[in-house]
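Here is a friendly briefing to read alongside the model. Please keep the sequence and the coordinates open as you go.

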Amino acid sequence: MESARALAAAGDTAAAGSVCLELDAFRSEAAEYRVVPAADESFDRDAARIRHAAAGRLVRSAEEAMADGRARNAYDQLDLARTLEAGYPGLDERQREAYAEALHRIAILPVSNQTEARGLGMEVTDLVYREAADRVRRRDFPFTVILPRSEVFSRITLAEANDLDRSDALEIARAVDADLVVRGRVYALSTESRRDTWEGSIFRRVAFRDSSGRSEERYDEIPIEVTGMTRRVTLRFEFEIRETDGGTTVVSHDEPLSAGARVTYTSYRPEGDCDDYVLASPALKRANSASASSRERAWKEHCGSWELPAYLETVQKGSRRAYESSMRSEFHGDTESRPVILGELPPAEELAAVAVRHSWEPLVEALRRLER
């Protein structure tokens, strides 16, 4: 306690208050072990006086911060004052005022779709509301509130968002009492596709017994054709965050997005155990190792990391021909290196939806920066 008294006497009430907090923490920890220091009225009286003085200095500093327009700094100082003396006069009212001043109420408008992919604007809008609202929590974003979707959408429809200009956006944001408004669009969608075919043969090991009853095996060569299709889409996602009071842009973001899909398909249906199938028979490897290696390279070029037995086993279980929207998640990974076994590529609009699945991330990061 002597160090706290000395700091207070020197005029450093903030440091003295910190020492008092450390002493309180020590007492609490000691109490957990049933160690209770002897009562010292003089100690408690001096500690209360020092804490009150330190809290008062923080409150005065917070008032200066509020006058300078630094409401968040004021809130943090008042929060620290509360740890020193929770019942400091007027603290609750001051902190409520600082919080109200520091708070960002954010209106997120529907994302404009300036592509030919139907529903893409709603796709991104849903993602932004679901993911951003889920992550903007009081603990991580104490000064950010995303206004309810229903409240914002009562002022504008998705179709109207496609023709919304800056002044309209600000008007809507002011109508819902927002401090900031987020306006975004998806645009510049392009797609390219190609088709390739691997025509070759594979070998199936067949076990049999010769005329004397001995176990033998042979490798039957089987023709096979594997069709591959690849599609890639690219587009751009842009958003801006503006202050509703004055319309100043505080964040501007524009980035390219892309997604690719590769599928392969064969009409061949394997029989028996798929582990019996190989790309090159032992005899071919012995006679022409270069040809065997060429077969393996060609297979990998068309079918990526698929091993022949695993590929054929998947086909054997039931090869799918037509793409369905429920398959979209299968194209979230790297299908260039491991194609999806399917007879049809996802449409461009489905791949566009894959491309935008992380579009909410830069917005959350922008909101995080605005918190600081």
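Helices (H or I, at least four residues) and strands (E, at least two) are DSSP runs, numbered from the N terminus. Ser112 sits in strand β2, residues 112-114. This is a predicted model, in which local features need pLDDT of at least 70 and side-chain atom pairs count only at pLDDT 80 or more, while totals for chains, interfaces and linings use all residues. Residues are numbered from 1 along each chain as its sequence is written, and side-chain values use heavy atoms, with hydrogens and water left out.

**Confidence**
- The mean pLDDT (the predictor's confidence in each residue, from 0 to 100) is 85, and 87% of the residues reach 70 or more.
- Residues 1-12 stay under 50, and the model gives them 22 contacts (heavy atoms within 4.5 Å) beyond four places in sequence.
- Residues 25-31 are also below 50 in pLDDT, with three contacts beyond near neighbours in sequence.
- Where pLDDT is low, the predicted coordinates should not be read in detail.

**Around Ser112**
- Ser112 is buried, at a relative accessible area of 4%; buried means under 20%, exposed over 50% and partly exposed in between, with a 1.4 Å probe and protein chains only.
- Beyond its neighbours within four places in sequence, Ser112 touches Ala161, Asn162, Gly184, Arg185 and Val186.
- The C-alpha atoms of Ser112 and Leu158 lie 7.5 Å apart, with 46 residues of separation along the chain.

**Strand pairing**
- Strands β4 (residues 180-209) and β5 (residues 215-243) pair (DSSP finds at least two bridges) in the antiparallel sense over 28 bridges.
- Across this pairing, Glu192 stands opposite Arg232 in β5.
- The β4-β5 hairpin has five residues between its strands, and Gly213 in the turn has a positive phi of about 90°.
- β5 also runs antiparallel to β6 (residues 249-265), joined by 16 bridges, and Met229 has Val263 in β6 as its bridge partner.
- Five residues lie between β5 and β6 in their hairpin, where Gly246 in the turn has a positive phi of about 110°.

**Cavities**
- On a 1 Å grid over the protein atoms alone, a cavity is a set of points where a 1.4 Å probe fits but cannot get out, and lining residues have an atom within 4 Å of a point.
- Among the residues lining the largest cavity are Ile108, Val182, Gly184 and Phe237.
- Arg166, Arg183, Glu240 and Arg242 are among those lining the second largest cavity, and α9 (166-175), β4 and β5 each supply at least two residues there.

Conventions:
1 Å grid on protein atoms, 1.4 Å probe; cavity = no way out; pocket = protein on both sides within 12 Å on 5 of 7 lines; lining within 4 Å.
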